[in-house]
Amino acid sequence: MIKLPELTDATFIQRRNRFIAQVELPDGQAVDAHLANTGRMRELLIPGRAVKIAPAHNPARKTKYDLFLIDQDGAWVCLRAAYANELADRWLASGLLAPYGLKGSWRREMKIGRHRFDFFLEAGEKPTILEVKSANFKKGHTALFPDAPTVRGRQHVESMLELSAAGYRCVLLMITMGQAVDELIFNRQNDAPLADAMAQAKAAGLDIIVMKSRFTETEAFFDGFLPIDWGRS
C-alpha cells in the first residue's frame, strides 16, 4: 500500500490543451489543473466525471492543482504518468520484483548511451536497466499501450536492444494505472513501430513485465501481474 498525496474532490470540465485541464471545485469555481500526461485519453477525459486533484506546493506555478485521479466505471485511474515510477520504486523496495531478479540497490534517472533510463540496478550477474511505462488506456478488460504514438518510447526500446547486445540486462516494466483490466496488448493500431519494437525485444530475450495497480481515494495498491496477449499485439 502506498499513501497518496492529499487530494481534493472536483469534476472534470474539459481539456484546454495538452497539459491543462479545467475542473470544477465543490463550490462551483472553475480552475485549471496541470495534466502531466501526453496521452490522448479520450475515453477517460469525459466532461462530468469525478476527479481528484492535488494542491500544487509551488506558489510560482500558474496552475494551483495537479489532476491526479479520474473515475472510470467505478475505478479510480491515475492520470499522472510519472507516478508509475513512484510505484515501481516502492515495489522494488518491497521485494515484489525480487522473483524477477530485480533487487539490491538502484539508481534512478541513469543516463546510459543516448538515453536516460528510469532505474539502474547493479545486483545480479549483469548490470540491469529497468524502464517503466504507464498504461491507462483500455478497451473492455484489456489494457492497451500506447494510446498515442510515442517516438520516445520506441527509441527507448530500440536503445535497450542495443544495450542488451552489449551485455546489459534490460527489463521493460509496464504498469496499468488503476483501470479494471486482466491483460495487456501493445496497441499496433495506434503505434505499429512501437509494437514491432516490443516484439523484437521479446524475441531478443528482454524481460517484459506487466504489473497492475489499484487506486482508492487515498492509497495505491499492487493488484497482481498481468499476461501480455502477443497474438493481438
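Predicted model: local features only at pLDDT ≥ 70, side-chain atom pairs only at ≥ 80, totals over all residues.
Biologist: Why is the pair of Y100 and F225 called tilted?

Modeller: The ring centres of Y100 and F225 are 5.4 Å apart, and rings pair if their centres lie within 6.5 Å. Their planes stand at 50°; stacked requires under 30 degrees and edge-to-face over 60, so the remaining class is tilted. This is one of six aromatic pairs found in the whole structure.

Biologist: Why is the pair of F222 and F225 called edge-to-face?

Modeller: The planes of F222 and F225 meet at 65°, with the centres 5.1 Å apart. An angle over 60 degrees counts as edge-to-face, so the pair receives that name. F222 and F225 also belong, with W91 and Y100, to one aromatic cluster.

Biologist: What makes the pair of Y100 and F225 a tie between parts apart in sequence?

Modeller: Y100 is in the loop between helix 1 and strand 8 (106–112), whereas F225 is in strand 16 (residues 219–225). These parts are 125 residues apart in sequence, and therefore the pair ties them together.

Biologist: Why are Y100, F222 and F225 called partly exposed?

Modeller: The relative accessible area is 32% for Y100, 34% for F225 and 27% for F222. Buried means under 20% and exposed over 50%, so values in between are termed partly exposed.

Biologist: How do you know that the charged end of R214 sits over the ring of F221?

Modeller: The charged end of R214 is 4.6 Å from the centre of the F221 ring, and the distance limit is 6 Å, with a further limit of 35 degrees from the ring normal. K202 is likewise placed over the face of W230, at 5.5 Å from the ring centre.

Biologist: Which residues touch the most other members of the largest nonpolar core?

Modeller: They are Y83, L87, L173, I175 and F215, in a core of 28 residues. Helix 1 supplies its largest share, six residues. Both domain 1 (2–78) and domain 2 (82–229) contribute at least three residues.

Biologist: What does F215 touch beyond four places away in sequence?

Modeller: Its contacts include L4, L69, W76, Y83, L87 and M177. Another core, of 27 residues, lies apart from the largest one, with V157, M160, L172 and A195 among its members.

Biologist: Where does UniProt list the domain "SfsA N-terminal OB"?

Modeller: The unreviewed UniProt entry lists this domain at residues 13–79. Over that range the chain is 46% strand and 0% helix, with 15 Å between the end C-alpha atoms.

Definitions and conventions
Residues numbered from 1 in each chain as written. Heavy atoms only, no water. Core = buried A, V, L, I, M, F, W, Y, C linked by side-chain atoms within 4.5 Å. Buried < 20%, exposed > 50% of the residue type's maximum accessible area, 1.4 Å probe, protein only. Helix = DSSP H or I, 4+ residues; strand = E, 2+ residues; numbered from the N terminus. Domains from an automatic or database assignment. Contact = heavy atoms within 4.5 Å. UniProt positions renumbered as here; feature names shortened; annotations may be inferred.
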